[in-house]
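Hi,

Here is the structure I promised to pass on to you. Have a look at it first, and then read on for some notes on its aromatic rings and its nonpolar packing.

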Amino acid sequence: TYICKANKGYHLGRIRTDNPDLFVFKCKHNECYYRVDCMKKDDGFHIINQTYHTCPHPIIISTHLIEGVVRKLGFQSCLNNQYMAKVNNELGLQPDVIPKLRIRRIFNRVFRVNRCERLRTWGKLPSFIDIIIRSGGNGLIHKNENNKIDFVGMVPNYAFTFMRSTLFFPVVQMDTRFQRGISKGNLYVIVTMTGNRTILPIAAAWARSEAEVYTTMLLELFREQLSVIKSCHTDDSFKLITSVERHGIVNLLCTWHISNRCPNKEEFIALVKSTTSTEYAAKKRDIKKNNPNLDDYLNANSKWTKISRFENDAPRDQNIASTAVEAFNALIVKHHLKNKEPLDVLLAVYEIGFATIMNIYSQEGILTDAASEWLSYAMLVAQNLTVVQSSIFTAKYTVTKDGCSETKCTVTLLPDKLPSCSCKFLNDTGMPCIHILAVACKYNYNWSSWIHQRYFVSTYKDVFGAINYPDFDQIIEINDDIPEGITSLKQRQKRI
């Protein structure tokens, strides 16, 4: 409190130190040498060193002036760094002179973005879900025994269209993240990958907490399309896994989450990065022999069978096996949605997914941009591999790099079937691997027929030619429903 009062009009910033008991602040003005050091003692933090300001006189801007600038700039859906810089610029100041929290509070007061307004958005959820259902999607609002909302979820119309077509590769990833709106809770998101290696959200929900009952509610919104999902990546939370497996979906573990919790991160990452079944088998043998802690961790709850494409035949999709849903969570943060109410978040999720589909729809090539880039690389590599056909079983080919046994992969080409390779890349992604391409190039096979339909732009044009963006302007307040567990919007802050 003393530091704040003594430095009114100056903009201080904290300097990070290695000592958790030492707080250091300095003036953010480029030509100022002001600094104050505070050391933690039994009765709180005490100032142990303080210098003088060498910058110009403090800049004191009245709240009335800031309110005028905020009204002039108008309502903004996102208060990002560019907006904060505009406010400072309108007042003739350098960026970051006025604290962002002060601007945000004044903005909320001017445009009445307050607790009551946030609560009113919950009464608009029935209207939103009705629009989702009428457009061809599905949705649900669930209330608990106190008649308060504890779950609201949706599966968009584009998701059903995608899953009913040949575009869908039957692998998804599910995760939850904490939200900081009027009612805290968790945001559920289920994503899959497009043929352009972009993330497509196919279901989203707000729930009071991460629980098996809410996971089940979300999965059952897929109705009959739930049966086309063959594999679902999650972290090791049983609140997700139990419901996934009960619906007959193979559970696979997200390698990023496991790598952050296992006893030996480096050795585990090396294991799951194995490119051939031989390499994987050798690394697994070494772990079982020399690393009992990691082996015990992976033995628990059958983790061994859920971490690698060499353990079972369930499709994994390498593009989604680690951090796809984490990348989507980062997108939620980027668009400043972590502290918004479910209506705003679900609208943004729909917009992100629809834009992802339209981005591929507007491409002009035969294959998606990502698929074309991959094949340009893979064909160069394939032409430099050595292919040897078996003299006994002529449908079997051994592919190596310069005859090295450590790089060996076995390709099998059976009539009227997709080829198989021991690297399992085709099984994982729907795209021929470099080994299959090497065989196809040498023996003149038509490898384009082995590419999954999700990589062809024409398929997107055929499937999504008639889809329309819903009219969300029809969203209106229907009732006065409120969520379970309403809390304050104020965030706890560390104070001296």
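W374 is partly exposed, because its relative accessibility of 24% falls between the 20% and 50% cut-offs. Please keep in mind that this is a predicted model. The ring of W374 pairs with that of Y377 in a tilted arrangement, with 5.6 Å from centre to centre and 50° between the planes. Both residues belong to helix 16 (residues 369–382), where they are three residues apart, about one turn of the helix. Y377 is partly exposed as well, at 49% relative accessible area.

Since Y83 is in helix 3 (residues 81–90) and F107 in helix 4 (residues 100–110), the pair ties together parts 24 residues apart in sequence. Y83 is buried, at 3% relative accessibility, and F107 is buried with a value of 3% too.

Now to the nonpolar packing. The largest nonpolar core has 68 residues, and F128, Y158, I190 and F222 touch the most other members. Helix 15 (residues 342–361) contributes the most to this core, with 10 residues. A second, separate core has 29 residues, including L367 and V387.

Lastly, two charges sit over rings: the charged end of R14 is 4.0 Å from the ring centre of F23, and that of K303 is 4.5 Å from the ring centre of Y297.

Enjoy exploring!

Conventions. Residues are numbered from 1 along each chain as its sequence is written. This is a predicted model: local features need pLDDT of at least 70, side-chain atom pairs count only at pLDDT 80 or more; totals for chains, interfaces and linings use all residues. Side-chain values use heavy atoms; hydrogens and water are left out. A nonpolar core is a set of buried Ala, Val, Leu, Ile, Met, Phe, Trp, Tyr and Cys residues joined through side-chain atoms within 4.5 Å. Buried means under 20% relative accessible area, exposed over 50%, partly exposed in between (1.4 Å probe, protein chains only). Helices (H or I, at least four residues) and strands (E, at least two) are DSSP runs, numbered from the N terminus. Rings of Phe, Tyr and Trp (its six-membered ring) pair if their centres lie within 6.5 Å; planes under 30 degrees apart count as stacked, over 60 as edge-to-face and the rest as tilted. A charge sits over a ring if NZ of Lys or CZ of Arg is within 6 Å of the ring centre and within 35 degrees of the ring normal.
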